[in-house]
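Dear colleague,

Please find below the structure that I am handing over to you. My notes on what was found in it follow directly after.

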Amino acid sequence: MSNLNELHNELREIIHNTQSPIITRASQITDDLMVRYEDLFGEDDSLKSIGDIATRIKDSRATEGENGVMWGEVIHLVHGLLNE
């Protein structure tokens with residue numbers, strides 16, 4: 001079973017890493033976190049939403065500005081998850 005606290009810390013680091021492009025940060029969620037914490041992403045609706053939006057960002061091939069709107073929702077969801 002995965003450690004929820006570790007996942008929260010990794011999500012916190014990803015959203016605070018403003019030096020990396022949004023597509024890179026979304027890919028970290030889809031290609032790394034969603035694989036390593038598959039059980040948690042499968043059980044929690046907030047995590048599912050974060051994963052879904054990160055996947056849309058990764059697959060959309062949109063501009064950085066367009067992705068920024070979706071990334072804002074990821075940030076909002078992560079903050080909500082961390083405040084629970």
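This is a predicted model: local features need pLDDT of at least 70, side-chain atom pairs count only at pLDDT 80 or more; totals for chains, interfaces and linings use all residues.

Along the principal axes, the C-alpha atoms fill a box of roughly 35 × 20 × 20 Å.

Of the 84 residues, 35% count as buried. The largest nonpolar core has 21 residues, and Leu 11, Ile 29, Ile 50 and Trp 71 touch the most other members. At least two residues of this core come from each of α1 (4-16), α2 (22-36), α3 (38-43), α4 (45-60) and α5 (64-82). Leaving aside residues up to four places away in sequence, Ile 50 touches Leu 11, Ile 29, Val 74, Leu 77, Val 78 and Leu 81.

I would also draw your attention to the helix α1. Its buried residues are Leu 7, His 8, Leu 11, Ile 14 and Ile 15. These residues lie on the same side of α1 because they cover an arc of only 125 degrees around the axis. What covers them includes α2, α3, α4 and α5. The face of α1 turned away from the buried side carries the exposed residues Asn 5, Glu 13 and His 16. At the start of α1, a side-chain oxygen of Asn 3 comes within 2.8 Å of the backbone nitrogen of Asn 5.

Yours sincerely

Definitions and conventions
Residues are numbered from 1 along each chain as its sequence is written. Side-chain values use heavy atoms; hydrogens and water are left out. A nonpolar core is a set of buried Ala, Val, Leu, Ile, Met, Phe, Trp, Tyr and Cys residues joined through side-chain atoms within 4.5 Å. Buried means under 20% relative accessible area, exposed over 50%, partly exposed in between (1.4 Å probe, protein chains only). Helices (H or I, at least four residues) and strands (E, at least two) are DSSP runs, numbered from the N terminus. Contact means heavy atoms within 4.5 Å. The arc is that of the directions from the helix axis to the C-beta atoms. A polar contact is a pair of N or O atoms within 3.5 Å; within protein, one must be able to donate a hydrogen and the other to accept it, and residues adjacent in sequence count only if both atoms are side-chain atoms.
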